[in-house]
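Thanks for joining. Let me put the model up, and then we will walk through it.

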Amino acid sequence: MNKQALNFKDITIAFGGLKAIDSLSFDVKEGEIVGIIGPNGAGKTTLFNIISRFYKQDTGKIEVFGEDVSSLKPHDVINKGIVRTFQNVELFKHMTVLDNLLIGQHRNLNYNIFSSLIMTRRVKRIEEDAKKRAFEILNILGIGNYAYYYPINLPYGIQKKVELARALISNPKILILDEPAAGMNDTETIDLSNKLKELKDKFNLTIIVIEHHMPFVMNICDRVVVLNFGKKIAEGTPNEIKTNPQVIEAYLG
Ligand SMILES: Nc1ncnc2c1ncn2[C@@H]1O[C@H](COP(=O)(O)OP(=O)(O)OP(=O)(O)O)[C@@H](O)[C@H]1O
């Protein structure tokens, strides 16, 4: 059996009197794709903000590959291999697509400012490898031909894919996606879910994804966790979730 990638133990966070996440527990196994669904205001984005440490939970514990990360800062979480994308596209719109990817890479490139200034052979090789990986990811996502475009000139669906590519370039272990298919039509959505599966296998990823498009969720997720008013109301395979009366009443109906 695969080991645990993420483990949420009894997480609660309240804003004023409102419990946005209420005693939530679930886990994600290494290599799984887990969907988080639920109506507006159910607490999905808050949960992601807790995982990426933008918010600190009031109570409860989060473990990443068995290590307690409950008190880490956002940049420490990135160093643990957790990378997220956002509901709204957050790209540098006046840098090319390729530069958007490579700028995220500099944190991972193991060289210092002096060696980069004199552009040693080693630095050149590191940069070439980074570029190669960028093109590999862009090509899997079918957007390699946009490498030298500026995101500001690209349709929203392509920008979403660029954001995904930028998350992948830093070689994450756990990828956290907030509505990756927003703004896409049904064909684009299914295409994206197939590509994500391919990327997951190629780069040994574990994925947690918030998405409202049910065809996407049905096509890609191994398991789904359903939230309502901050509580988990169901958990299971997409087929189990689809027929669960509580889920139908709270969300799908
Ligand atoms: N920083 C905050 N301050 C106060 N309330 C907040 C804050 N962040 C979230 N909330 C509240 O917590 C609840 C959960 O919000 P959240 O954005 O997590 O829901 P969601 O499931 O992601 O919704 P959507 O599908 O609309 O994005 C909402 O009632 C929201 O207003």
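I will go from confidence to overall fold, then the ligand shell, the core and a few backbone details.

First, ground rules. This is a predicted model: local features need pLDDT of at least 70, side-chain atom pairs count only at pLDDT 80 or more, and totals for chains, interfaces and linings use all residues. Numbering starts from 1 along each chain as its sequence is written.

Confidence next. pLDDT is the predictor's confidence in each residue, from 0 to 100. The protein chain averages 89, and 93% of its residues reach 70 or more. For the complex, the predictor gives an ipTM of 0.95 and a pTM of 0.88. One caution: where pLDDT is low, the predicted coordinates should not be read in detail.

Now the fold. The protein chain has 10 helices and 10 strands. Those are DSSP runs numbered from the N terminus: helices are H or I with at least four residues, strands are E with at least two. Along the principal axes, the C-alpha atoms fill a box of roughly 60 × 40 × 40 Å.

Contacts, then. Two residues are in contact if their C-beta atoms, placed from the backbone, lie within 7 Å. Of the contacts in the protein chain with a separation of 6 or more, 67% join residues 24 or more positions apart.

On to the ligand. Which residues surround the ligand? The list is Phe 15, Leu 18, Ala 20, Gly 38, Asn 40, Gly 41, Ala 42, Gly 43, Lys 44, Thr 45 and Thr 46. Two elements give two or more residues to this shell: β2 (18–29) and α1 (44–51). α1 gives the most, with 3 residues. A residue counts as near a molecule if its C-beta atom, placed from the backbone, lies within 6 Å of it.

Stay with α1. Is it mostly covered or mostly open? Covered: 7 of its 8 residues are buried. Buried means 20 or more other C-beta atoms within 10 Å of a residue's own, exposed means 12 or fewer, and partly exposed is in between, with C-beta atoms placed from the backbone. The buried set in α1 includes Lys 44 and Thr 46, and both also belong to the ligand shell. Just after α1, Arg 53 takes a positive phi of about 70°.

Next, the core. Buried residues make up 36% of the chain. A nonpolar core is a set of buried Ala, Val, Leu, Ile, Met, Phe, Trp, Tyr and Cys residues joined through C-beta atoms within 7 Å. The largest one has 64 residues, and Ala 165, Leu 175, Ile 176, Ile 207 and Val 226 have the most contacts inside it. Helix α6 (residues 156–169) gives the most to this core, with 7 residues. Take Ile 207: leaving out residues up to four places away in sequence, it touches Ile 33, Leu 175, Leu 177, Leu 196 and Lys 200.

Last, two loops. Asn 171 lies between α6 and β7 (174–178). Its phi is near 60°, positive in a residue other than glycine. Asn 171 counts as partly exposed because it has 13 C-beta neighbours inside 10 Å. Phe 229 sits in the loop between β9 (223–228) and β10 (231–236). Its phi is positive too, about 50°, and it is not a glycine. With 16 other C-beta atoms within 10 Å, Phe 229 is also partly exposed.
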